[in-house]
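Please keep the sequence and the structure in view while reading.

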Amino acid sequence: MTRLTTVPRPAGDLRQPAAGPRAGTPVRPPRRRSRRSSQRSLWGWAFIGPAVAGLFVFYLWPLVQTAYFSFTKWGVFGGSTWAGIANYQKLLSDPAVLTSLRNTIVYTAIVLLGVPIAVVTASLINRPGLRLAKLYRVLFFMPYVAMPVAVALVWRLMFNGDFGIVNAALAVVGVEGPHWTSTPGLALVALGVVGLWASIGFNMIIISSGLASIPQELYEAAQLDGAGGIRIFFSVTVPLLAPTLFFVVVITTITAFQVFDLLFALLGAMNPAMPQTQSLIYLFYSEAFVSNDKGYAAAIALLILVVIGAVTAIQFRLQRRWANID
Amino acid sequence: MTDALRQRSRRRAGIGSFLTYLVLTIGGIVMVFPFLWQIVMSLSTNSQVMSVPPTFWPGQLQFGNFVEVFQKIPFFDQLWTSVLITVLRTAGQLVLCTLAGYGFARMQFRGKNIVFALVLSLLMVPPQIYLIPQYLIIQDLGLLNTALGVALPGFFSAFGIFLMRQAFIGLPTELEEAARLDGANVFQTFYRVMLPLIGPSISALIIITVLWSWNDLLWPLVVTTRAENMPLSVGLAALQGQFSTDYSVLMAASLLATLPVLILFLALQRRVVQGLAFSGMKG
């Protein structure tokens, strides 16, 4: 984890001994010191105050509000009434929820296939003495920087069933290509391909910096022991890269679970395949702002929170077990 | 014997590096192909775009597609909105996150740890959770269809605070003490002495915020409904809904929308790549 110093690690970071007098100290500190400490508190709050107030108004309180909204029913002309657990009952019986959850998981699984690809490209790019390394890095990274809506439109043209370049390439080898973006099932695969393409660059950069932090002596020692390239890759690179890989997998999963932009532009809101392809976030969006059922949408939002939290927790668990076996 | 061995290993290395270049070149072409295709298609006629087999080069370049973009959507209004949103959000975050990050990293005061724990807990929450209440706040403030309305919630960022705190926490204490001995007050110490030392983290924060702000779709899609108030991402999505078969114009518009960030990236690529690797996470 050497280089990735900013991975959130709440428990560890909080255990910092607080200097200075604290509340509840049995011995009353002399008056002058206490005035200085309250002045210090004032400075402290002046620094964090504006940002924390904004976080409270725009994030923390909305979190509570969303939880409350999930128990309400919204009228067409505004105004809401208490609905009890009706939204949650609907959530459990709504086939669209199950479909979009399944789609989100399948999409995430496809995008995660990009992680091994990123490992291979990163280790190739990091090979000492490689010319054009800078150029390759730029090429692989471009999709991550570009606007998702814009690149999804290009892919939509490329995936077009009648005149798209993907099917033209398939025609060369004698395969008649399908209508990718308007066939349920295939549309999800096409979306996954675009998501994978867009995510490789970022993962490659993170893995690259993980690779650069592996001490060169280990490679030299392995070479002296007579290990070949592939052997070195699996017995030196992979184990030492494990923390970085874990981070990349967690981040890729969380990001993929929130897919919206690519889907919105690749398929288009009017696409007949949309109901069978939509993601959880898309379902949330269409319930909240198209059907205007904000109470139900709030319940979906909480479901998303729980699902992402659960998946991340499982990943951390698996990682701990994996680390123990090593 | 040793000579033969060395020769064999050299030949092996030769094959290895040939394969490296082969794989990276093929991969690189796959990665940029959509961008090249976008450029070619934006310069073709619509019938060339829809031809089978595909037309790889239009012959006569059709710059008229770009003119048509300007006629179909208020492009310059949307460009201005995108720029305004990005600048506002980035500036807001810079001021608020550096201040708060400094406070959390270098100052001792009551209630700090519990507040910081709350900030950290926000990092774990997917941003869509806040969307409905944030929309209602912006509506109540009368800021729907304004750049400020799109940018405002993004002024505040738990991630930005965290990033800045991590940067400040690594600096040595001696600097602060020296500044205090020189008679600087707390704010002067922060602004004149400490802030200039976390340049790399600040540029990482700027890069991430600019990228996110420029490319974001869902939030501005909800907040802006009038074409002239939309940022480019939303404008492009709306154009796609209206003229979904006018591919050459769509390609021209999508090229124009990505171009500013792509140019910025190509100009500052070293910094962008380092910044993102450095922050190790997207906002």
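## Basis of the report

This is a predicted model, in which local features need pLDDT of at least 70 and side-chain atom pairs count only at pLDDT 80 or more, while totals for chains, interfaces and linings use all residues. Residues are numbered from 1 along each chain as its sequence is written, chains are lettered from A and ligands numbered from 1 in the order in which they are written, and side-chain values use heavy atoms, with hydrogens and water left out.

## The interface between the chains

A salt bridge is a side-chain nitrogen of Lys or Arg within 4 Å of a carboxyl oxygen of Asp or Glu.

On the side of chain A that touches chain B, helix H2 (residues 31-69) of chain A gives the most, with 21 residues. Helices (H or I, at least four residues) are DSSP runs, numbered from the N terminus. About 9200 Å² is buried between chain A and chain B, and carbon and sulfur atoms give 78% of this area. Buried area is the accessible area (1.4 Å probe) that two parts lose on being put together, summed over both.

## Salt bridges within the chains

Over all chains, a search of the whole structure finds six salt bridges. One of them joins Asp293(A) and Lys90(A), whose closest N and O atoms are 3.3 Å apart. Asp293(A) is buried, at 10% relative accessible area, whereas Lys90(A) is partly exposed, at 35%. Buried means under 20% relative accessible area, exposed over 50%, and partly exposed in between (1.4 Å probe, protein chains only).

In chain B, Lys72(B) and Asp246(B) form a salt bridge with an N to O distance of 2.7 Å. Lys72(B) lies in helix H3 (residues 64-72) of chain B and Asp246(B) in the loop between helix H13 (232-242) and helix H14 (247-267) of chain B, so this pair ties together parts 174 residues apart in sequence. Lys72(B) is partly exposed, at 25%, and Asp246(B) is buried, at 18%.

Notes
Helices (H or I, at least four residues) and strands (E, at least two) are DSSP runs, numbered from the N terminus.
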